[in-house]
Each structure stands twice: as C-alpha cells, then as structure tokens.
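Work through the exercises below with the coordinates open. Try each task before reading its solution.

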Amino acid sequence: MEHYTPIYVNTSGKSVFVIGGGIVAERKVKGLLEAKAQITVISPRLTPDLQQLHQESRMEWIARSYRNGDLRGAFLVYAATDDPQVNRVVVQEAEAETILVNDAISSGNSSFITPSVVRRGRLSIAISTSGAGPAAAAEIRALLEQQFGDEYEVYLDFLHQMRMEIKSRELPSATRRTLLRRLTEMDILEKIRTGEFQWWTEEEIGNWISRNQEEI
C-alpha cells in the first residue's frame, strides 16, 4: 500500500500543467480553477468544456502532444492522458526536475494524489482511499455531503470574522484561545440551520468580547 502525507498545497497563482485534454483532465482543471491556479493544458484536442474554459481565458492551451522539456517552470504537473506510456514519460521528466506529479492512470507512479473533496466555503474535507477504490471514496463523499450542509459555509464565515476581530485586539494569547473556544460552544450552528441566526453588528461583537473577557 502506498503511504501519503495529507497536505493542502497553495496553488493560487502557481503554474500547474495538465497533460491531456479528456474527461480526466477536465476534472483536474476544474478543481485547479477553484484553487486559483495558473493552468496550462497540453493536448492536441480538448473536451467541449475545456474549449469553453480556454475561450474564456481561464486556462492556457498548447494545442499539440506533450514534448520533453514542456514542464520547465511548473509547480505541479498532472499526467492525465489515456496513454500509460505518455504519462510515464511525463512522470520521468517531472521527477528529474523535482516537480510534484500525479499520474492519473497509476497512483503508484505519482508523488501526490488528488483526493475527493467536500467543499463548504472555507471548509474542505479531503477523502482518500490510497488507491483502493474511487467508488468507495465517492460513497464516503456523498455521506459527508449530507452530514456537512451549506450551513457550515455561513458558520465558518462567522467564526472567521470573529477570529479576525479577536486577533485585532491586544489580548493575551490564552484569552484569545478561550474566546474562540467559547464561540464554538455556542449554538450558532443550530441557529443557522433553523434560520434564526443573524449576523452580529460591530457593537454586538464588541459587547460579546468584553463580556466574555471579564469572565475569564
């Protein structure tokens, strides 16, 4: 069994190459767009959706087959063709250039894998079966999507706002941790679910911080 270290990589503004223009490549590109990567696709042909993304200038397209040397300057690489030999050559070049690479056909040839992800705004939950089965990962993802609904997007935006407010004040680190813990102990998430939650005003935020600070 392959062993991986779970990690989130910041690809915002980074150069990511996708070799291939089929359905698999399309899934990789759409995920990378959410992560704000600078995407270059190398393939003689593209799916209709990828063609549309190129026309919208959301990705660069090199309309030919992969050539050795194409990966120069890449931050990450996805070998996403349906040809194992082409993917193998892409992996070899990436490894020679010490670039992290994913082989869509063989996880054993990959230096990283892309997990199935549940996204709710700031929340992202990654699921990996270490290559045991994409269908199992999809089933687990469906269960998590039911458990973690859209209310978590609002909830985490609220926690982020409160965290920024608390951090902006000159408070001891222990006090900050206590205030943040008290926020998570409140029934805010349930109020969001039931439609009872309303965003706090600046005055309400200040009053809450002051009141709880006095109790610490």
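The exercises cover strands, cores and rings.

The model is predicted: local features need pLDDT of at least 70, side-chain atom pairs count only at pLDDT 80 or more, and totals for chains, interfaces and linings use all residues. Residues are numbered from 1 along each chain as its sequence is written, and side-chain values use heavy atoms, with hydrogens and water left out.

**Exercise 1.** Find which strands pair with β2, and in which sense.

Solution. Helices (H or I, at least four residues) and strands (E, at least two) are DSSP runs, numbered from the N terminus. Two strands pair if DSSP finds at least two bridges between them.
- Step 1: strand β1 (residues 15-19) pairs with β2 in the parallel sense, over 5 bridges. Here valine 18 stands opposite valine 41 of β2.
- Step 2: strand β3 (residues 60-62) pairs with β2, also parallel, over 3 bridges. Tryptophan 61 in β3 is the bridge partner of valine 41.
- Step 3: check burial (under 20% relative accessible area is buried, over 50% exposed, in between partly exposed; 1.4 Å probe, protein chains only). Strand β2 (residues 38-42) has 4 of its 5 residues buried, so it is largely enclosed by the rest of the structure.

**Exercise 2.** Determine the hand of the crossover from β1 to β2 and of the unit from β2 to β3.

Solution. Point the strands away from the viewer; a clockwise path from the first strand over the helix to the second is right-handed.
- Step 1: the chain runs from β1 through α1 to β2, a right-handed β-α-β crossover.
- Step 2: β2, helix α2 (residues 48-55) and β3 also make a right-handed unit.

**Exercise 3.** Locate the largest nonpolar core and name the element that gives the most to it.

Solution. Such a core joins buried Ala, Val, Leu, Ile, Met, Phe, Trp, Tyr and Cys residues through side-chain atoms within 4.5 Å.
- Step 1: the largest has 24 residues; Phe158, Leu183, Trp200 and Trp208 have the most contacts inside it.
- Step 2: α5 gives the most, with 6 residues.
- Step 3: apart from it lies another core, of 17 residues, including Val16 and Met59.

**Exercise 4.** Classify the ring pair of tyrosine 78 and phenylalanine 112.

Solution. Rings of Phe, Tyr and Trp (its six-membered ring) pair with centres within 6.5 Å; planes under 30 degrees apart are stacked, over 60 edge-to-face, the rest tilted.
- Step 1: the centres are 5.3 Å apart and the planes at 85°, so the pair is edge-to-face.
- Step 2: both residues are buried.
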